[in-house]
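Here is a walk through one structure, element by element. Keep the viewer open as you read.

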Amino acid sequence: MALLEVRNVSKSFGAIHAVNDISWSIEPGEVVGLMGDNGAGKSTLVKLIAGNFPPTDGEVLVDGEVCHFHKPIQARAKGIEVVYQDLALADNLTAAQNVFLGRELNKGFWPFRVLNKQAMIDRSAQLFDELKSETRPRDLVKKMSGGQRQAVAIARTRLSNAKLVLMDEPTAAISVRQVAEVLELIRRLKHQGVAVILISHRMPDVFAVSDRIIVMRRGTKVADKATTSTSPEEITGLITGAIRAA
Amino acid sequence: MQHDLIKTTEIGHAAISDVVENKEQTFTARLIASQPFWVTIALVALVMVMAINEPSFGTVENAANVTRNFAPIGIMAMGMTVVIITGGIDLSVGSVMGLVAIVAGLFLTWHYSWYVAFTMGMIAGIACGMVNGFFVAYVGMPSFVVTLGMLSIARSLAVVFSANQMLYQFGPDAPIVRAIGQAKWPLRAPVGWAPLWMPELSSHFWVMVGLALIVGYVFNSKAWGRHLFAIGGNEQAARLTGVPVDWIKFQAYVFSAFTASLASLLLLGYNGSAINAMGQGYELRVIAATVIGGANLMGGAGTAFGAFIGSAFLEVIRNALLMAGIDSNWQGAFVGAFIILAVLLGMQTGGKSIVAAILERLLPRKHR
């Protein structure tokens, strides 16, 4: 059974059909690259899955169960987490504080119920260790590199034991060395049985980590191919419309 | 030639280790980088210089006086710090003080008991905070505009309610009200036990200390405090992670108004009368104290101790100027200059204290 299935999904905003009758699915531990030009409907599709709004038509199924998401928190309860492009981290807090932001661990009884700082630091250290990242829990995010920030954002998704992680342009605007670090993080997630949807414009990154590539153009799915059976040239053609469909 | 070569490799090496090591901050490093620490040192130095040069400064009477004078500012600085950490500002605190004093004063002149009067004053103050919080947090208006409006509204209401009269003919509970505002601890012989060198500290001071301890505890050990800092650091991130951003921001303005009400009621008791001009211009002193204490007007940084030490620093300067025989009309110029200076230093140094920034430039790398 597929972890997530999108069945005949459409979304229109007034007269604009952002996403048109799209179907596909993703298995646990699978990395799917979602590609397409600006305005192809990638973001709308991601927002449908992340629960920002429900589809106009069609269904989103998690573990074979039809879900009607209206808020991101509902999708999160089903094990779907999003790593946002701007990473959504508070610079003035430490790595551990960011990992546990909004779901802090407490100890003691009210009104003396206080933050369990040591437990949060230990758990964060463990998560970074699992991700093979050298990020330290007590470091301020302000002073971190792009790769380390990604590690913090990804550790957040591990904390909630997410089954599916949506990553929006994780390798945009960071240095070459850090890109390698982030791709390694994605492989670690896959290794732990987490499904990843990678939205990116960067062809080499998508080819480096994904099992499958889905290409969207003008709101429709024009290709869904195993990475090994396609080439960057073909994908480029599909994105621009030089190749109509594959 | 060869010497030069060695030098370059050394620099290269240092640069690499800087990037790779990215040391965790030690306690001393954090202390040196914190603005409240240096303000404390400046305060101690100032007190020592004044105590040596001015015999009347170092007396226990003056110590009691100074600690009582800055306590209302310190109390409000706690609320202001909470608001400033979220990235907002509350300009209405001075006017809220005036309104609270008049409302409580009116109930006292109508011969209600002191707790009814204080409760009504508190309700009036907190209502102002709720209006501020509603428009800032839920409507999304800039805090500057909303609280500036409230500054005008609350002062105007105070003038209208008081019919522009001073209220002093309080009913039967007048002695209790005065006792609350003028209470001291510890007392000297014959009633108390305190030795001669110990200042008799006012109730205002003790309220401030209690409040500072509570606020410090919340900042350090409560999820609410953590969320406050997250909102100031990246409001969008806090929202995405499920922090109830609007609710917490709303509470911040209510808390600020609460501290202003508290300060107002203590001053009402101390004076034994209520005037609608109470707290006029205090917003500036409170903001100055908060910023001098290291709170960042851009949000995301601030401490309870900083608010305490910042207000103490301002008052000692004011007191020192008075004792040095400088015209009291100069105070406004000094307070204003200190705000600009404190913010300027924060900007120049990227949030570090000025001393830490200077040390960083002067000291060789390995000593940092």
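How many bridges join strand β1 (residues 4-13) of chain A to strand β4 (residues 57-62) of chain A? Five bridges join them, and the two strands run antiparallel. Helices (H or I, at least four residues) and strands (E, at least two) are DSSP runs, numbered from the N terminus. Two strands pair if DSSP finds at least two bridges between them.

Before going on, note that this is a predicted model: local features need pLDDT of at least 70, side-chain atom pairs count only at pLDDT 80 or more, and totals for chains, interfaces and linings use all residues. Residues are numbered from 1 along each chain as its sequence is written, while chains are lettered from A and ligands numbered from 1 in the order in which they are written.

Stay with β1(A). Arg7(A) stands opposite Glu59(A) in β4(A). β1(A) is also joined to strand β2 (residues 16-26) of chain A, antiparallel, by seven bridges. There, Phe13(A) stands opposite Ile16(A) in β2(A). The hairpin of β1(A) and β2(A) has two residues between the strands. In this hairpin, Gly14(A) takes a positive phi near 65 degrees.

Now find the open sheet of six strands in chain A. Its order is β6-β9-β10-β3-β11-β12, with mixed pairing. β6 (80-83) and β12 (220-226) of chain A are the edge strands, each pairing on one side only. From one strand to the next, the twist averages 20 degrees. Angles here run from 0 to 180 degrees between N-to-C directions, and axes are lines fitted to C-alpha atoms, for helices over the stretch in contact. β6(A) pairs with strand β9 (residues 164-168) of chain A in the parallel sense, over four bridges. Glu81(A) stands opposite Val165(A) in β9(A).

Two helices to look at pack on this sheet. Helix α6 (residues 176-191) of chain A touches β3 (31-36), β9 and β10 (195-199) of chain A. Its direction makes about 150 degrees with that of β10(A). Helix α8 (residues 232-240) of chain A touches β3, β11 (212-217) and β12 of chain A, and its direction makes about 25 degrees with that of β11(A).

Turn to chain B, which has 16 helices and two strands. Of its 368 residues, 44% count as buried. A residue is buried if 20 or more other C-beta atoms, placed from the backbone, lie within 10 Å of its own, exposed if 12 or fewer, and partly exposed in between.

Helix α4 (residues 60-85) of chain B and helix α9 (residues 203-221) of chain B pack at about 30 degrees, their axes 8 Å apart. They are therefore roughly parallel to each other; angles under 35 degrees count as such. The contact residues divide into ten nonpolar, three polar and one charged. Ala, Val, Leu, Ile, Met, Phe, Trp, Tyr, Cys and Pro count as nonpolar, Asp, Glu, Lys and Arg as charged, and the others, Gly among them, as polar.

Last, where is Met298(B)? Look in the loop between α13 (282-292) and α14 (304-323) of chain B. Met298(B) counts as partly exposed because it has 15 C-beta neighbours inside 10 Å. The C-alpha atoms of Met298(B) and Gly232(B) are 7.5 Å apart, though 66 residues separate them along the chain.

Technical notes: Angles under 35 degrees count as roughly parallel, over 145 as roughly antiparallel, 65 to 115 as roughly perpendicular and the rest as oblique. Two residues are in contact if their C-beta atoms, placed from the backbone, lie within 7 Å.
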